[in-house]
Structures are given as C-alpha cells and as structure tokens.
Amino acid sequence: MLYASESKDTELAEELLAWFLQEDKKECFAACLFTCYDLLRPDVVLETAWRHNIMDFSMPYFIQVMREYLSKVIFYNFVSELQPV
C-alpha cells in the first residue's frame, strides 16, 4: 500500500484496490482509500464500491472528497467575487 502511494501511479493504486476486493480484504480496501487518496479517481472508487456492495467502507473517502471539492468551489467563488467585472 505504501509502495503504491509513494509510486504516484494511479493505475497501480487502482489495481491494488481491485486485488483487495478479490482477496475479500474490505478493511484493506478502506485503508488504501486513505493511503492512496491523492491517486484515486472518485468515479472509479464509486463504481468499484457500488459493484462490490461495500459503500459503507468507502463512505469516509467520499465525505472527504466532497469536502475537498466544496472547499475549492467556495474558494473560487470567493476569488471570482473579488475580481472586478
């Protein structure tokens, strides 16, 4: 898991998630979501979790993703209001 995170390789991180599911290691799947957070694509995680009926294990990840996205939207909204038209 640490190797995948340090490699900065999205494909490797997603393959690791798939392997955890093949081995029925749901807790490792959840841990990998945070260890490789910056590498994983939310749409891939969502589809994978939904297909394997483990949305509960991925929900903390999605809460964090939503918080990050909302923070960016709020920031860009603030910046755009400061700029004169």
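Student: In this predicted model, is S58 buried or exposed, and at what relative accessibility?

Tutor: S58 lies in helix 5. Leaving out residues up to four places away in sequence, S58 touches F29, L33, V45 and A49. The cut-off for buried is under 20% relative accessible area. S58 counts as buried, because its relative accessibility is 0%.

Student: Which element gives the largest share of the largest nonpolar core?

Tutor: The largest nonpolar core has 19 residues, and L17, F29, L33, C36, L40, V45 and Y61 have the most contacts inside it. Two or more residues of this core come from each of helix 2 (10–22), helix 3 (26–35), helix 4 (42–51) and helix 5. The largest share, five residues, comes from helix 2.

Student: Which residues is L33 in contact with, leaving aside neighbours within four places in sequence?

Tutor: L33 is among the residues with the most contacts inside the largest nonpolar core. In soluble globular proteins, nonpolar side chains tend to be buried together. Beyond four places in sequence, the contacts of L33 are L17, L40, V45, F57, S58 and Y61.

Student: How many disulfides does the structure hold?

Tutor: A disulfide needs two cysteine sulfur atoms within 2.5 Å. The sulfur of C32 is 3.8 Å from the closest cysteine sulfur, in C36, so the pair is too far apart for a bond. For C28, the nearest cysteine sulfur is that of C32, 8.8 Å away. The number of disulfides is zero.

Student: How many residues apart in sequence are the parts that the salt bridge of D38 and K8 ties together?

Tutor: The side chains of D38 and K8 meet in a salt bridge, N to O at 3.3 Å. D38 lies in the loop between helix 3 and helix 4, and K8 in the loop between helix 1 and helix 2, so the parts tied together are 30 residues apart in sequence.

Student: How far apart in sequence are the parts tied together by E14 and R41?

Tutor: E14 forms a salt bridge with R41, with the closest N and O atoms 2.7 Å apart. E14 is in helix 2 and R41 in the loop between helix 3 and helix 4, so the separation in sequence is 27 residues.

Student: Is E14 buried or exposed?

Tutor: Buried means under 20% relative accessible area. The relative accessible area of E14 is 15%, so E14 is buried.

Student: In which helix do both E68 and K72 lie?

Tutor: E68 and K72 form a salt bridge, with the closest N and O atoms 3.5 Å apart. The two residues are four apart, about one turn of the helix, and both lie in helix 5.

Student: What is the value of phi for N53?

Tutor: N53 is in the loop between helix 4 and helix 5. N53 is exposed, because its relative accessible area is 70%. Phi of N53 is positive although the residue is not a glycine, with a value near 55°.

Student: How much accessible area do M66, L70 and I74 have together?

Tutor: L70 has its place in helix 5 (residues 55–82). L70 is partly exposed, because its relative accessible area is 44%. M66, L70 and I74 form a nonpolar surface patch, whose accessible area together is about 300 Å².

Terms used: Residues numbered from 1 in each chain as written. Predicted model: local features only at pLDDT ≥ 70, side-chain atom pairs only at ≥ 80, totals over all residues. Heavy atoms only, no water. Patch = residues over 30% accessible without salt bridge, like charges linked within 9 Å, V, L, I, M, F, W, Y side chains within 5 Å. Areas by Shrake-Rupley, 256 points an atom, 1.4 Å probe, with all protein chains shown as cover. Salt bridge = Lys/Arg side-chain N within 4 Å of Asp/Glu carboxyl O. Buried < 20%, exposed > 50% of the residue type's maximum accessible area, 1.4 Å probe, protein only. Core = buried A, V, L, I, M, F, W, Y, C linked by side-chain atoms within 4.5 Å. Contact = heavy atoms within 4.5 Å.
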